[in-house]
Amino acid sequence: MRVQNTNTYNSHINQYSFKSCIKYRQTPEKLSKKTLQLINKVQECNVYLKEHEGINPIYFVACYMPKALEGIQKGISVFKGLNMTEISFVLAHINEIGILRGCFNNCAHCYAEGSYPKRETTDYISRMSWKDYKDLTDGIKEINDRLGCITRYTPTPIMLFHDSDCSQVYIKDGRGKIHGWTELAKMMYDATKADVIFSTAGWYKNDKAAQQRMEQYVKEMSESDNLDYLYHFAISANPYQAMHYKAVQLIKEGKTDKAQFIIQKDAERMANVLFTVTPMLKTGKLKFITRAMSNESKNSAGLSADALVKIWERYFEELKKLYENDYYSEQKVIKRYEDIGQYLAQYKDLLYKKGIDIEPVVAERLSKIYDKDDPAVAFTKENLFNSPLKAIKSPYCYGIINPNGEFYMTTYYDSYKTPIKLNFENAHKKIAPISPNMYPEPITKEMINDLDSYLGTAYFKDYDDNVNQI
Ligand code: SF4
C-alpha cells in the first residue's frame with residue numbers, strides 16, 4: 001500500500017510549517033494580537049526543534065506542540081471544549097468517519113456488525129449532518145493552517161465509513177442537496193492530506209438511487225485527471241455476502257432449488273456491480289478484497305476459498321452477458337466488441353492474483369460461523385489488546401468519529417470508548433453502538449493528556465516499522 005510516509009511529514013513540518021509562520025508575518029492586516037501570540041508559539045516550537053536536532057517530527061507534533069500551542073484552537077467551533085492535546089490526539093488518529101452508521105448489505109462476516117441503519121428520530125441519528133461534516137473538515141483545515149503543519153501522523157488512509165458501504169455514503173443538506181462520496185472525500189483530503197478509501201460490497205439492483213449514485217461516483221472518479229484524494233477503490237468479493245450466505249444456509253436445510261435461485265440472483269447483482277465499476281479499471285486504483293474460510297475449517301461448506309473461486313466464475317459468466325447486451329444495445333460501457341475480452345481479462349487478473357485472506361477478524365458475528373478451535377479464532381484472540389492503555393500506546397489503534405461527534409478507538413480486533421466528543425449540532429443524539437468487541441473500560445482523559453509521558457522512542461520505532469511495512 002502507498003502511504004504518507006514519515007518523509008512526507010518531515011517536509012510538512014520543515015517547509016510548510018515555517019512558511020505558514022512567514023505568511024502571517026508578511027500579511028500586516030493579519031497581525032492581530034492573537035496572530036502575534038501564534039507566531040511566538042510557532043517560533044518556540046522552531047527553537048525546540050533546533051535544540052533537539054534529529055527529533056522525530058511526528059513525536060514533536062504528537063507530544064510537544066499541542067502543549068506549546070495551547071489556545072490556538074480558540075474559535076474553531078468543532079473543537080470547542082477540547083484542549084490541544086486532545087485535539088492533536090483526535091487528528092493524529094482519525095481513521096474512520098462514520099458518516100452513515102449502518103449498512104444495507106448485512107454481510108455474515110462484518111467485523112463492525114453492520115446492520116440496517118435505524119430510522120432517525122428527534123433523538124436518534126444514523127447519518128452525520130452536513131453542518132457537522134463541514135464544521136469538521138473546516139475545523140481540521142483551520143487548525144492545520146494555524147499550526148502550519150499536518151497533525152495527522154497515522155500512516156493509514158482515511159475511510160468515510162465504519163460499518164457501512166460507500167455506495168450508501170452521502171449527506172443531504174438542509175436544502176435537500178445531496179453531497180456525494182467524491183465531494184466528501186475531496187473535502188476530507190483537502191483538510192487532512194490523507195488519501196481516502198472507497199469500498200463496496202455492492203448494492204441491490206432494485207435500489208435505483210444506489211445505482212444512480214454509483215454511476216455518478218464512478219463517472220466522477222474515472223473521468224478525473226486528479227485522483228490524488230483516492231487511495232483505492234475496493235470491491236469486496238466474498239462468500240459472506242447476505243444473499244450468498246442465505247443460499248448456503250438453505251443448502252444445509254436441503255432447499256437446493258431455492259438456494260440455486262438466490263445464488264444466481266447474487267451473481268447477477270455482483271455482475272451489475274462489476275459492469276458499473278468497469279470505467280475504474282483504467283485508473284489503476286481498483287482492487288478486490290477477498291475473504292473466505294480456509295478449505296480445512298469446519299463449517300466451511302459454501303464459504304471456503306475453493307467455493308469463492310466458483311462464485312467468481314459465476315460473476316464473470318453474468319458479467320460477460322451484461323457486456324454483450326450493452327454492446328448490442330446502449331453501448332454505455334462496451335463501445336468495441338474486443339473491449340469485452342479485455343475488461344474481463346483485467347478483472348480476472350486483479351482478482352485471481354490477489355490471493356484470498358483466510359484470517360479475518362473473527363468478531364461477534366463471524367464467531368457464530370467459526371468453530372471455537374479454528375486457527376482464525378485463535379489468531380483474533382491473540383490480537384485482542386484487552387487494555388485501553390495498551391491500545392492507546394500502540395500505533396495500531398485508530399480513531400472513529402461518530403455522527404454525533406463521539407470519538408472511539410479501535411484496533412480492528414477490539415474497540416474503546418474515549419471521553420472526547422466533538423462539538424457537533426447532533427452531539428446530544430443517540431446512535432448505534434460501535435463494534436467490534438467494545439472493551440468495558442474506556443480510554444480516559446488522563447491517559448490522553450498524559451500521552452507524552454509514555455509515547456517514547458519505542459512507540460515511534462514501531463510507528464516507523466508500521467509505515468515501512470505497509
Ligand atoms: S458491506 Fe461492509 S460494512 Fe456493510 S455489512 Fe458488509 S462488511 Fe459490513
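Of the 470 residues in the protein chain, 45% are buried (20 or more other C-beta atoms within 10 Å of the residue's own, with C-beta atoms placed from the backbone). This is a predicted model, in which local features need pLDDT of at least 70, side-chain atom pairs count only at pLDDT 80 or more, and totals for chains, interfaces and linings use all residues. Residues are numbered from 1 along each chain as its sequence is written.

**Fold**
- The protein chain has 16 helices and ten strands, taken as DSSP runs (helices: H or I, at least four residues; strands: E, at least two).
- Among contacts (C-beta atoms within 7 Å) between residues at least 6 apart in sequence, 72% join residues at least 24 apart.

- Beyond its neighbours within four places in sequence, L184 contacts I99, Y133, L160, I171 and H179.

**Confidence**
- The pLDDT (the predictor's confidence in each residue, from 0 to 100) averages 84 over the protein chain, and 79% of the residues score at least 70.
- Over residues 1–31 the pLDDT is below 50, and this stretch has 40 contacts beyond near neighbours in sequence.
- Where pLDDT is low, predicted coordinates should not be read in detail.

Note on methods: A residue is buried if 20 or more other C-beta atoms lie within 10 Å of its own, exposed if 12 or fewer, and partly exposed in between; C-beta atoms are placed from the backbone. Two residues are in contact if their C-beta atoms, placed from the backbone, lie within 7 Å.
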